[in-house]
Amino acid sequence: MAKIRSIEELNQLAATYRKATDKVAKRILVCAGTGCVANGSLLVYDALKKAVEKSGVVVDLDFLLENEVQSNATQLDKSGCRGFCQLGPLVLVEPHDFMYVHVRPEDAEEIIQETIIGGRCVDRLTYTTPGSEKHFDREEDIPFYQKQHRQTLSNCGHMNPEDIREYIARDGYKGLARTLTEFKPEQTVEEVLASGLRGLGGAGFPAGRKWQAVRDAAGQTKYVVCNGDEGDPGAFMDRSIMEGDPHKVLEGMTIAGYAVGATEGYIYVRAEYPLAVERLSKAIQEAEEFGLLGENILGTDFSFQLHINQGAGAFVCGESSALVASIEGKRGMPVPRPPRLAQRGLFGCPTLLNNVETFANVPFIMRKGAKAFSCIGTPTSHGTKAFALTGNVKNTGLIEVPMGTTLREVIFDIGGGIKDDREFKAVQIGGPSGACLTKEHLDVTLDFDSLKRAGAMMGSGGLVVMDERTCMVEVARFFMDFTQRESCGKCIPCREGTSRMLEILERIVAGEGTEDDLNTLEEIAYMVHDMSLCGLGQTAGNPVLSTLKHFRDEYLAHVRDKRCPAGACRAMRHFEIDPETCRGCGRCARNCPVDAISGEIKQPFIIDPDKCIRCGACVEQCAFQAIREVN
Amino acid sequence: MATMIVNGREIEINGEKNILEVIRKAGIDLPTFCYHSELSVYGACRMCMVEDDKGRLYAACVQPPAAGMKIYTNTERLLHHRRMILELILSNHNRDCTTCEKNGSCRLQELALRLGIRDVRFTQKKTAGSVDVGPALVHDQSKCILCGDCVRMCDEIQGVGVLGFAYRGSQMTVVPAFGKKMSEVACVNCGQCAAVCPTGALTVKSDVDRVWTALHDKSKKVVVQVAPAVRVAFSEAFDQEPGTIGTGQLVAALRRIGFDRVYDTCFTADLTVQEEYHEFAERLRTDGHLPLFTSCCPAWVKFAEQFYPEYLDNISTCRSPQGMFGAIAKAYLPKELDVAREDLYVVSIMPCTAKKFEAQRHELGQNGVLDVDAVLTTQEIAQMVREANLNFDKLPAEAFDLPFGMATGAGMIFGVTGGVAEAVLRTAARAVDGKTPPVEFKAVRGLESLKEAAIKLGDQEIKVAVVHGLSQAKALIEAIKKGECSYHLVEVMACPGGCVGGGGQPLPNNAEHRELRAQGLYNIDQQRELRCSDDNPMIERLYRQYLGQPGSEKAEELLHTTYASRRRISGEEVAVEPAKDAKTKIRVCVGTSCYLKGAYDVLKSFQESIKECACSEEFDLGATFCLEHCNGGPNVQINDEYFGEMTPSKARELVQKLAVERD
């Protein structure tokens with residue numbers, strides 16, 4: 001491949017690729033995101049390939065560029081994540097845009113016969129709303145997708161992420177080309193500033209101001225670093241972008257390099273994302289071959305090199321200064337600031353650090369202009385935000401919504417409401433250091449400032465929905481267990497404070513807490529918040545403080561009455577045998593693993609609460625539903 | 001002048017690096033565990049957090065001062081949080097305070113007292129565990145509060161870096177690599193880690209009991225030597241100002257404790273000058289290994305043996321003054337004191353922890369019997385004085401015993417950085433012009449990291465360098481290696497400030513104290529009648545009666561020593577395809593890192609391609625262990641050139657290219 005030397009050449013190439021793709025009418029896209037691969041989508045891909053070959057030909061872009069095709073040709077590709085992971089493996093068939101869910105290899109034959117040859121939809125493979133029999137043939141009709149605005153994720157699921165040509169065909173690298181030909185570096189910074197793009201890694205610091213600071217910092221050598229160390233449990237926004245649209249990240253970083261005056265950049269990816277590492281590596285190699293990365297990009301004087309650095313699995317390395325230390329080969333521990341990274345970052349040089357999603361927004365801004373970006377969202381938070389929606393909602397997965405969408409819309413429209421139509425209780429937002437919001441917050445809009453006012457934070461974009469059966473003390477314990485494990489151990493407040501908070505929370509859920517414990521817990525949480533060295537510690541107490549604020553009654557029930565209102569804390573479960581219903585068969589006593597049940601045959605049995613380990617085996621065994629759990 | 005407001009009072013900003021310094025200048029002793037002005041800012045203990053008028057919190061050690069800043073140090077929440085932090089540390093600290101080595105000099109204990117902590121609400125986490133007892137230092141993890149002071153000291157000031165953090169969160173510990181013991185790693189026993197440790201996690205290994213046993217043993221004659229830097233720090237243990245000269249009281253105390261003879265290490269320092277100057281002059285005359293590095297500091301010697309074995313021939317063969325004293329004492333005193341050699345017990349009192357290690361070097365002994373039997377640090381002798389119930393204030397000033405109790409000013413200044421160089425220069429200056437009175441060489445004095453001086457010896461200009469702190473020594477050697485500078489004589493002291501800042505000195509052992517102690521030694525020197533080692537009549541007598549002249553056979557035997565490389569990797573080579581007269585020497589590194597990256601395949605490829613081109617007599621192929629470029633492996637050395645990232649195909653190409661060149 002000869003290197004692309006100008007924007008004209010890039011446009012020409014894009015047209016060529018589009019024309020080639022248009023030659024073939026039918027295209028099957030098998031989702032090859034991590035979730036679908038884990039569900040067996042690669043086997044589905046193989047089966048589809050075999051099935052197509054029986055009656056026609058499988059073609060790819062290489063073939064299409066050189067040959068004319070017959071009507072029985074089908075293009076078969078693997079795509080990035082489509083977001084609706086719980087329904088994987090997902091298969092999309094174009095041009096009908098039929099979306100098939102839970103596809104098994106044995107469905108391949110039918111898909112080919114019915115859809116590819118017959119042009120009909122295979123109804124049994126389409127999405128149906130839980131609880132109703134309504135079928136949705138096409139992706140865009142599914143409620144999960146309807147309120148979304150997939151801008152950053154626009155390519156994810158619609159193209160093969162391992163082929164740069166598909167990215168180019170979808171206007172890829174046009175933002176970079178426009179930047180290099182029409183913008184001076186300082187104008188690029190101004191454009192990003194004008195777009196109002198804010199850091200999507202959590203804090204929401206205006207990206208343009210960060211870029212400006214690095215641009216203004218003194219120093220010959222500067223670096224651009226991409227934070228791909230997405231460590232929040234359950235979050236996979238950045239992973240999906242890196243896996244599904246790696247070139248977008250590369251393009252954004254290259255534009256940033258040009259803007260701030262850097263010629264080298266690092267992508268810091270967790271080693272637990274092997275597919276992202278693989279696809280990014282391939283993307284870097286391809287971009288270099290095409291002259292879109294490396295020396296003299298697009299025939300200009302601008303050169304930019306990119307390296308991938310794999311993190312070794314420490315949550316704290318998502319903190320900017322710890323991340324930089326980790327790239328330098330040091331222990332991943334945060335460094336107190338000032339100086340900020342923009343002044344003294346990687347290898348002592350001014351460094352621009354943004355997260356994956358932030359960089360992935362840049363090509364759009366530079367291609368379509370700041371206005372096109374800033375017209376989406378709220379007056380202070382522009383653009384969109386991706387969230388990983390999980391927990392007790394009907395539809396879980398990766399979503400992208402305009403800033404300003406309400407929690408209610410996300411949970412009840414996109415998420416389809418609470419699973420099994422239970423009661424909504426709370427939503428945990430912002431990862432392990434985020435806060436819990438309740439019913440009264442359902443109309444809070446998802447944007448940096450509203451969330452802050454509500455006492456929460458955007459974080460990287462985790463949304464865990466909880467229903468009435470969720471114990472909020474247990475939620476706090478769960479997140480505290482995570483943060484104390486992931487504390488680097490450097491500063492005393494975080495190291496000692498998180499482990500003591502966990503100790504207290506463990507005591508409370510075990511039914512051994514006291515009211516004094518609640519005061520101590522609060523006291524430590526505030527201290528850790530005020531005194532910790534880095535963001536990890538400063539926010540570690542949030543789950544505790546927000547649950548204490550909104551669900552204090554639940555804490556009190558645990559410590560005063562030794563009762564878990566949600567019925568979730570095992571240590572506080574109590575079982576009783578209803579003497580009226582009990583027939584005295586003795587089955588429960590025989591199945592009790594600790595001989596806690598006794599009685600005479602044909603007389604009501606009783607449970608000794610001191611011996612009972614609250615396993616619930618008796619409840620399952622009783623044929624007369626005579627044993628019940630009391631809260 | 002710019003000012004800021006601290007607790008409502010206006011304070012001038014005068015070039016302070018951070019607001020902590022400004023606050024302390026204002027007379028507010030904001031507590032810290034991890035702040036030391038000579039180390040990098042770590043910002044981890046969070047005790048020095050302050051609040052501004054907008055309620056924002058800052059770590060004072062990190063934040064640079066700015067004009068107009070309004071800072072409060074004792075707001076309600078700060079006091080509350082500070083106490084909570086301390087309570088949390090205490091709950092995770094082995095609180096055996098009454099029996100702790102650091103009882104009375106522990107920073108944690110002091111702050112618990114100061115902040116009035118009376119109750120620790122949390123369950124005790126750390127309890128007494130296994131303790132790593134090394135030759136000079138004791139490492140007790142159960143006392144560690146993870147402030148990282150030792151880690152930064154060892155790495156930044158000493159350039160050794162044997163201590164590091166392992167594990168994360170509440171599992172974090174400070175340990176040598178792979179959880180090894182301190183004695184198994186490159187620790188040079190300088191004790192600076194213990195000098196900065198705020199708690200009892202790193203302490204000096206006590207030999208007090210061994211010495212008491214010897215003192216109580218009727219069959220033993222126990223003699224003691226006192227190093228120069230001890231006399232200006234000893235009294236600090238009894239609440240005197242740093243730098244107070246306490247020689248007389250110390251001698252008196254030692255006699256009352258029961259030592260049979262009390263001698264002065266400064267005497268053998270004078271002896272060292274004689275031997276070392278002789279050695280230096282010989283090297284100058286014969287173009288021997290130069291620069292000559294001093295050998296008085298055992299931490300430096302071990303450092304060189306570990307990291308710079310290629311410079312061992314440049315280190316003076318002179319034993320340290322402690323070593324010389326031990327040898328002379330064991331050789332000379334049995335007759336003098338009418339005691340069998342094996343019943344003579346030699347004790348050293350040193351400012352230094354590394355001397356404990358040095359005394360155990362087998363080179364410094366005869367037939368397996370060591371010359372120095374026990375080494376006590378200044379801290380330990382102060383402890384013995386207390387144990388002996390001696391009232392420091394009531395001690396009279398007494399003089400050392402003769403003959404080894406007489407010393408010149410030159411011997412005294414051995415205890416401060418630049419002192420050894422200055423003492424040698426005094427003798428050198430005398431040697432050129434026999435009448436020159438001893439002069440002061442101010443250029444080698446002071447606490448700058450590198451000091452240089454040049455003096456004319458006859459028609460030759462002698463260039464001298466003085467460094468203290470081993471990372472400075474490292475930097476200097478690297479500069480010498482690169483040819484950026486060259487010297488004839490280099491004095492190296494491991495501890496900042498020289499022996500006055502030794503790891504065994506009373507606490508606090510900070511820059512301010514070190515400077516005052518150094519001044520104390522210069523004061524002693526100035527008060528001396530005799531200030532050049534040549535003028536010590538007892539030295540002259542020792543040579544006349546016993547040793548002959550400097551460098552004599554007897555002197556060589558008793559006063560000089562040998563060194564050996566302590567490199568972990570021996571650098572031994574394995575012949576693969578040896579060729580005696582080969583012009584090209586190929587060495588393939590098969591150390592662990594290169595091996596894992598495929599060094600064996602590279603080696604095989606070399607072997608095969610040499611055979612293929614039928615030129616085996618041209619190449620001498622061998623394997624070697626670690627060329628120390630592990631990052632870029634597999635590595636190959638061809639004659640003097642290094643090649644990294646070698647692959648089998650590149651190896652083949654190289655052989656073919658070299659073979660063609662030979663043709």
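**Figure 1. Where domain 1 and domain 2 of chain A touch.** In this predicted model, six residues of domain 1 of chain A make contact with eight residues of domain 2 of chain A. On the domain 1 side of that meeting place, two residues are nonpolar, four are polar and none is charged. For orientation, domain 1 of chain A runs over 20–146 and domain 2 over 164–374. The assignment then carries on along chain A with domain 3 (384–467), domain 4 (472–560) and domain 5 (573–630).

**Figure 2. Where chain A meets chain B.** Here 26 residues of chain A are in contact with 25 residues of chain B. Which helices of chain A each supply at least two residues to this side? They are helix H19 (472–486), helix H20 (492–509) and helix H21 (515–531). H20(A) gives the largest share, with seven residues. Sort the chain A side by residue type and you get 11 nonpolar, six polar and nine charged residues.

**Figure 3. Chain B as a whole.** Chain B contains 21 helices and 25 strands. Its radius of gyration is 28 Å, close to the 26 Å that the globule rule gives for 663 residues, so chain B is as compact as a globular protein of that length. Its C-alpha trace spans about 85 × 75 × 55 Å along the principal axes. Of its 663 residues, 48% count as buried. Now think about contacts in chain B with a separation of 6 or more: 73% of them come from residues 24 or more positions apart. The chain is split into domain 1 (3–74), domain 2 (87–205), domain 3 (209–559) and domain 4 (573–662). Between domain 3 and domain 4 of chain B, the C-alpha centres lie 49 Å apart.

**Figure 4. A three-stranded open sheet in chain B.** Reading across this sheet, the order is E6-E7-E10 (chain B), with antiparallel pairing. Strand E6 (131–133) and strand E10 (202–204) of chain B are the edges, each pairing on one side only. Neighbouring strands here are turned by 20° against each other on average, direction ignored. Strand E7 (residues 137–140) of chain B is joined to E10(B) by three bridges, in the antiparallel sense. If you want a spot to look for, find B:Leu137, which stands opposite B:Val204 in E10(B).

**Figure 5. A strand of chain B covered on both faces.** Is each face of strand E17 (residues 374–377) of chain B covered or uncovered? Both are covered: B:Ala374 and B:Leu376 are buried on one side, and B:Val375 and B:Thr377 are buried on the other. Strand E14 (residues 344–350) of chain B pairs with E17(B) in the parallel sense, over four bridges. Along this pairing, B:Met350 sits opposite B:Thr377 in E17(B).

Figure 6. You'll find B:Met384 in helix H12 (residues 378–387) of chain B. Why does B:Met384 count as buried? It has 20 other C-beta atoms within 10 Å, and a residue is buried if 20 or more lie that close. Leaving out residues up to four places away in sequence, B:Met384 touches B:Val208 and B:Ile257. B:Gln158, by contrast, is 226 residues from B:Met384 in sequence and 30 Å from it in space, C-alpha to C-alpha.

Technical notes: Residues are numbered from 1 along each chain as its sequence is written. Chains are lettered from A and ligands numbered from 1 in the order in which they are written. This is a predicted model: local features need pLDDT of at least 70, side-chain atom pairs count only at pLDDT 80 or more; totals for chains, interfaces and linings use all residues. Two residues are in contact if their C-beta atoms, placed from the backbone, lie within 7 Å. Ala, Val, Leu, Ile, Met, Phe, Trp, Tyr, Cys and Pro count as nonpolar, Asp, Glu, Lys and Arg as charged, and the others, Gly among them, as polar. The radius of gyration is taken over C-alpha atoms; the globule rule is 2.2 Å times the number of residues to the power 0.38. A residue is buried if 20 or more other C-beta atoms lie within 10 Å of its own, exposed if 12 or fewer, and partly exposed in between; C-beta atoms are placed from the backbone. Domain bounds come from an automatic or database domain assignment. Two strands pair if DSSP finds at least two bridges between them. Axes are lines fitted to C-alpha atoms, for helices over the stretch in contact, and angles run from 0 to 180 degrees between N-to-C directions.
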